[in-house]
Each structure stands twice: as C-alpha cells, then as structure tokens.
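Please examine the sequence and the three-dimensional structure shown below. The briefing that follows is arranged by topic.

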Amino acid sequence: MMLDTLDYLNGKPVVKGLYKQFESDFCVKEDLGYDLDGEGEHVFVSIEKQNCNTLFVAEQLAKFAGIPAKLVSYAGLKDRNAVTVQWFGLHIPGKTTPDFSLFVLEGCKVLHVERHSKKLRIGNLKGNFFSLILRDIDNKSELERRLTQVLENGVPNYFGEQRFGKENNNIDQAMLWAKGEINVKDRKKRSFYLSAARSAIFNGVVSERIVKNFDKIVLNGDILQLAERGSWFIAQHEELMILQQRINNKEINITAPMLGDNGPGTKDDALQFEQAYIETNWADFLPLFRQERLETSRRSVVLRPKEMTWIWQDEQILQVNFWLPAGSYATAVLRELIL
C-alpha cells in the first residue's frame with residue numbers, strides 16, 4: 001500500500017513545498033537514550049556522515065580497527081543522501097582503543113569515541129533528532145497552521161516508503177511469496193519481505209481507523225499502550241469512559257497490529273474491526289505469517305513529535321526540528337505538512 005493511498009490525520013495538506021533538495025536539508029542525529037559507561041569490550045564511535053551508507057562505513061571501521069566486519073554493529077541504517085550522526089559499536093576485547101583521529105573516510109567525521117560494556121544492537125536507541133529544510137513553500141500562513149495542528153494532534157505513525165523498497169518491490173515480492181509463486185531462501189530478503197507485509201497491514205489499519213473516525217476513539221477490546229512506554233493492556237467495556245479521557249489527555253495511545261501468526265490480539269469490537277479490514281484486504285498474507293511463526297506486536301496509531309520547533313529563513317524556506325522515537329519516520333510528519 002503506497003503512502004498516497006493512506007488517509008491524513010489532519011486532512012490532506014494544501015501547501016506545496018519541497019524537501020531534501022540538498023543533502024544538508026535532511027539532518028538526523030541518533031539519541032541512544034543512555035550514557036556510555038566508559039569501560040568494557042565494546043568501543044562506541046559516533047560519526048557524522050554524508051554521502052556514505054551505514055554498511056559501507058561499518059566495513060571501513062572494521063578495516064581500520066583490524067577486526068572482522070561482523071564485529072561492527074549499529075543501531076539502525078541511516079540514509080546515504082542526508083547528513084546523519086550515528087553510532088557504531090566495535091567489539092574489541094582486551095585491546096587498546098584505536099586512535100580514531102587517524103580514521104579517514106571521505107564524507108565522514110569522527111565526533112566521539114567511548115568504551116561501553118554492552119553491544120550496540122539493532123534498534124538499541126531511544127530515538128532520533130531531525131532538522132529538516134522545506135523549500136519553495138507557497139503558503140506560509142497555512143503551513144504555520146498545519147505545524148500547530150501537528151504539534152497538538154500528532155500524525156499517523158505510518159511506516160515510510162523506504163520500508164517497502166524501491167518501487168514497492170518488497171511488498172510485491174512478499175505477495176508473490178505468500179501466493180506460492182516464488183520461493184525465498186535468502187534470510188535477509190525473507191526478513192525484508194515479511195517486514196514490508198506487516199508494515200503495509202499496519203499502515204492500512206491506521207488509515208482505516210482514521211477514515212472511520214476511530215483514530216482517537218477507544219473501542220471495546222482495543223490494545224492500549226502507556227505513552228512513552230512499551231506496556232500494553234486491553235480496554236475493558238466498563239473502563240471505556242475513563243480510558244477515553246486518558247486518550248484525550250495523551251496519557252495512553254491506541255495501537256494497531258504488526259501482525260503475526262496469532263492474530264491481532266485485540267478483542268470484541270476492536271477485534272471485529274481489525275479482522276474485517278485485514279481479511280478483506282490482506283488475507284493472502286495470513287498463511288505466510290503462520291508458516292513463518294511471526295509473533296504479533298503492537299505499535300501506536302499516532303506519532304507525536306517532541307521538542308518540535310520551527311524557524312523561517314525567509315518567506316519560502318522553513319527549518320523544522322523535532323525528535324521522534326526509534327522506528328518512526330520523519331516522512332510521516334512531512335506528509336501531514338506539505339504536498
């Protein structure tokens with residue numbers, strides 16, 4: 001499911017504008033969310049990079065440190081065509097920390113080096129800080145209004161197009177696999193295709209909730225998440241009024257499924273709603289999820305940018321800054337702002 005088919009939380013924007021016209025227009029900085037302890041087997045290296053993809057930088061760090069590439073880890077992949085600050089973890093037990101001031105790679109600059117006792121793993125970060133430049137804005141006052149709406153209401157927590165591969169290839173391949181038209185043996189491709197399928201279903205459920213005005217309404221049997229925490233619980237009928245007030249106060253979030261082999265996990269009205277949508281639109285994937293034994297998880301329907309500020313450089317150029325939790329997409333925010 002392409003993003004242009006999904007509904008908008010604040011209505012479709014009318015402001016036209018451009019983003020990412022230059023690499024420096026899209027800046028991302030990882031927020032690990034914890035302090036490094038200064039000792040241990042792992043060396044954490046913070047690198048500012050431009051026009052370099054994450055895997056290439058990891059390989060070059062391994063060569064520099066004289067260790068196998070598999071001993072270099074990172075919290076997530078970052079866009080090559082942007083200015084990004086991200087952490088790499090090198091497993092170097094019992095050896096002196098290399099002098100990274102001697103590490104030379106075009107487009108890269110070492111910002112900080114520190115030891116830590118635990119490995120840097122995929123997803124092991126709290127979030128990311130974004131600083132984005134929007135250009136050729138054709139309606140400054142309307143964009144100001146939209147920014148205020150996003151600050152108040154948030155945006156749909158959609159997965160971005162990069163999740164689905166170039167020209168939607170990952171989701172297309174996942175569908176062929178689900179229908180038995182291809183056999184996918186490569187472990188990495190299997191992971192990409194399954195992630196694309198689950199993400200497409202999530203996006204669709206979120207969009208359907210917005211269409212039916214359920215994005216802010218608690219349904220009996222919904223799975224709710226404490227704001228900024230991973231804890232989930234099921235909405236009980238006798239508690240709906242209280243839970244709705246907590247939703248209104250942004251204390252808890254409604255969730256949608258990252259579907260696995262055991263169904264959405266919701267009950268009653270929420271289960272009927274999710275099952276009806278999934279079985280109507282994505283039934284072909286259900287046997288594949290059972291075959292692959294994927295465990296269902298849940299993800300918040302609404303994404304609320306934090307520390308959001310903006311400044312106009314002139315009448316048509318805006319810099320907007322915000323923080324998002326790990327796994328969320330800045331493009332989901334931009335989608336609610338400009339066409």
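Asp 79 is partly exposed, with a relative accessibility of 33%; the term covers values between buried (under 20% relative accessible area) and exposed (over 50%), computed with a 1.4 Å probe on protein chains only. Asp 79 forms a salt bridge with Lys 20, and the closest N and O atoms are 2.1 Å apart. The model is predicted: local features need pLDDT of at least 70 and side-chain atom pairs count only at pLDDT 80 or more, whereas totals for chains, interfaces and linings use all residues. Residues are numbered from 1 along each chain as its sequence is written, and side-chain values use heavy atoms, with hydrogens and water left out.

**Salt bridges**

- Side chains of opposite charge can pair when their charged atoms come close.
- The structure holds 13 salt bridges, a salt bridge being a side-chain nitrogen of Lys or Arg within 4 Å of a carboxyl oxygen of Asp or Glu.
- Lys 20 is partly exposed, with a relative accessible area of 28%.
- Glu 274 and Arg 298 also meet through their side chains in a salt bridge, at 2.9 Å from N to O.
- This pair links distant parts of the chain, since Glu 274 is in helix α6 and Arg 298 is in strand β12, 24 residues apart.
- Glu 274 is buried at 0% relative accessible area, and Arg 298 is buried at 7%.
- Another salt bridge joins Arg 246 and Glu 251, with 3.2 Å between the closest N and O atoms.
- Arg 246 is partly exposed at 27% relative accessible area, and Glu 251 is partly exposed at 37%.

**The antiparallel sheet**

- An open sheet of 4 strands has the order β10-β9-β11-β12, with antiparallel pairing; two strands pair if DSSP finds at least two bridges between them.
- Its edge strands, β10 (232–234) and β12 (297–300), each pair on one side only.
- From one strand to the next, the twist averages 45°; axes are lines fitted to C-alpha atoms, for helices over the stretch in contact, and angles run from 0 to 180 degrees between N-to-C directions.
- Strand β11 (residues 252–258) pairs with β12 in the antiparallel sense over 4 bridges, and Thr 255 stands opposite Ser 300 in β12.
- Helix α4 (residues 187–211) packs on the sheet and touches β11 and β12, and its direction makes about 135° with that of β11.

**Nonpolar cores**

- The largest nonpolar core has 45 residues; such a core is a set of buried Ala, Val, Leu, Ile, Met, Phe, Trp, Tyr and Cys residues joined through side-chain atoms within 4.5 Å.
- Among the residues with the most contacts inside this core are Ile 201, Trp 282 and Phe 289.
- Helix α4 gives the most to this core, with 10 residues.
- A second, separate core of 25 residues includes Leu 134, Leu 147, Val 150 and Val 155.

**The surroundings of Asp 222**

- Asp 222 lies in the loop between α4 and β9 and is buried, at 0% relative accessibility.
- Leaving aside residues up to four places away in sequence, Asp 222 touches several residues, including Arg 209, Phe 233 and Ile 254; contact means heavy atoms within 4.5 Å.
- The side chains of Asp 222 and Arg 209 are joined by a polar contact of 2.9 Å.
- A polar contact is a pair of N or O atoms within 3.5 Å; within protein, one must be able to donate a hydrogen and the other to accept it, and residues adjacent in sequence count only if both atoms are side-chain atoms.
- A polar atom of the Asp 222 side chain lies 2.8 Å from the backbone nitrogen of Leu 219.

**Positive phi values**

- Most residues other than glycine have a negative phi.
- Glu 167, in the loop between β8 (155–156) and α3, has a positive phi near 50°.
- Asn 213, in the loop between α4 and β9, has a positive phi near 60°.
- Glu 167 is exposed at 70% relative accessible area, and Asn 213 is exposed at 57%.

Terms used. Helix = DSSP H or I, 4+ residues; strand = E, 2+ residues; numbered from the N terminus.
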